[in-house]
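Please keep the sequence and the coordinates open while you read.

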Amino acid sequence: MTAPARIPVRGGGGPYGSVRSLSDPRGLRRYDLFLLVAVGLLCLTGALLVWSATRHQLLAAGGNPQTYLAKHLLNTALGAMLLFLAARVDSRLLRLFGPLLYAASVLGLLAVFVIGSTINGAHAWIVIGGGFEIQPAEFAKLGLVAALAVLFGQRLGDGRQAGPPSGRQLAAALMLSALPLGLIMLQPDLGSALVVSAASFGVLISAGVRARWLVLLLVLGVVAAVVAIKAGVLADYQLQRFAAFTNPSRDPQGAAYNINQAHIAIAHGGWFGQGLFHGAQTRGSFVPEQQTDFVFSVAGEELGFLGSAAILGLFAVVLWRGTRIALAATGSSRYLAAGIVCWIAFQTFENVGMNLGLTPVTGLPLPFISYGGSSMFAQGLAIGLLQAIHRRSSARGF
């Protein structure tokens, strides 16, 4: 009897890497398990918080209290599938996938103006039926970061270092950024525009753009923001949110209502919280959009300071592992990983900050936790690409 053929454990070939299964412990070692576990715990926590934020309101309306939970779990499962598919892609194919992701995201942003719908003041959604919508701006975050990574990676050989990007490359990067950023601002979706800008800035820093150019870009960004406000690009409700941020007592029943109610919910939580599903503000549905923009207020009220700190600790693990992956990578992969880390870091800071009154309300979801399919899918792809970069670095002995 002949011995059965052994499954290869290295270099299975093709764009999807090895044929080794995730169930094989030897294959799992090629993944960053700290990152996977942290993201998984954040998604599980998000499911519980979304369920708590919506179940009482649905019961009061005579609906199924598990409706949002079921949709959120479906979104999470689909996001996990995208994560593991992206993780199997050979990161050396970024030069192919980067431009394709960018082109697809721009087409999605253009489609919004043709077949899109207005939700919560922003014409940023494409309704696909069955209670599901797609927000192309979420995918534009990843598409732009990937395109910039490819652009700056072209000046490098295989692992060879090069000088700072040339003025021509920087100009090309600004043109690549201007198109999706302009389309997002026309929706208008200020929150996504800020995230796209922060992620792009992270790519510029990791690519070694000279400090004087970075400072100039920051100044130009501030000037552009002032001009946008003066020119009426921002909607009235967005301007009112900024006014409420500077003076929450100015319009407590209007623009500042969400902020004030979120503060009350978090203050009620104390050190240990009121218990999952037992938050008075959450049960009474006093905080609008609590399953999306203000989901952190549910954590503050029901899990308390310690529970909220644990959530922030998980985000710290995600950013730590993402940074390690970026430092171990080279060329385009390093720039892509750095952009993803800056994206998640800025969006987390902005969402938590607006719940605590530290930043203006911009309508950004909390990564991996807030209800929303588009954000979960885009973040799943992003974490999957981080894993793909890590697997490539591990194969080189990092």
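Two strands pair if DSSP finds at least two bridges between them. Helices (H or I, at least four residues) and strands (E, at least two) are DSSP runs, numbered from the N terminus. This is a predicted model, in which local features need pLDDT of at least 70 and side-chain atom pairs count only at pLDDT 80 or more, while totals for chains, interfaces and linings use all residues. Residues are numbered from 1 along each chain as its sequence is written, and side-chain values use heavy atoms, with hydrogens and water left out.

Q: How many bridges join strand E2 to E3?
A: E2 covers residues 122-129 and runs antiparallel to E3. Val 127 stands opposite Glu 133 in E3. The number of bridges joining E2 to E3 is 3.

Q: Which strands are the edge strands of the open sheet?
A: The order of the open sheet is E1-E2-E3, with antiparallel pairing. An edge strand pairs on one side only. The edge strands are E1 (117-119) and E3 (132-134).

Q: Are H10 and H12 roughly parallel or roughly antiparallel to each other?
A: Helix H10 (residues 257-269) packs on helix H12 (residues 295-302) at about 25 degrees, with the axes 6 Å apart. Axes are lines fitted to C-alpha atoms, for helices over the stretch in contact (heavy atoms within 4.5 Å), and angles run from 0 to 180 degrees between N-to-C directions. Angles under 35 degrees count as roughly parallel, over 145 as roughly antiparallel, 65 to 115 as roughly perpendicular and the rest as oblique. H10 and H12 are therefore roughly parallel.

Q: Why is the pair of Phe 34 and Trp 320 tilted?
A: Rings of Phe, Tyr and Trp (its six-membered ring) pair if their centres lie within 6.5 Å; planes under 30 degrees apart count as stacked, over 60 as edge-to-face and the rest as tilted. The ring centres of Phe 34 and Trp 320 are 6.0 Å apart. Phe 34 sits in helix H2 (residues 33-60) and Trp 320 in helix H13 (residues 304-328), 286 residues apart. The pair is tilted because the planes stand at 55 degrees.

Q: What is the phi of Phe 277?
A: Phe 277 lies in the loop between H10 and helix H11 (280-283). Phe 277 is not a glycine, yet its phi is positive. The value is about 75 degrees.
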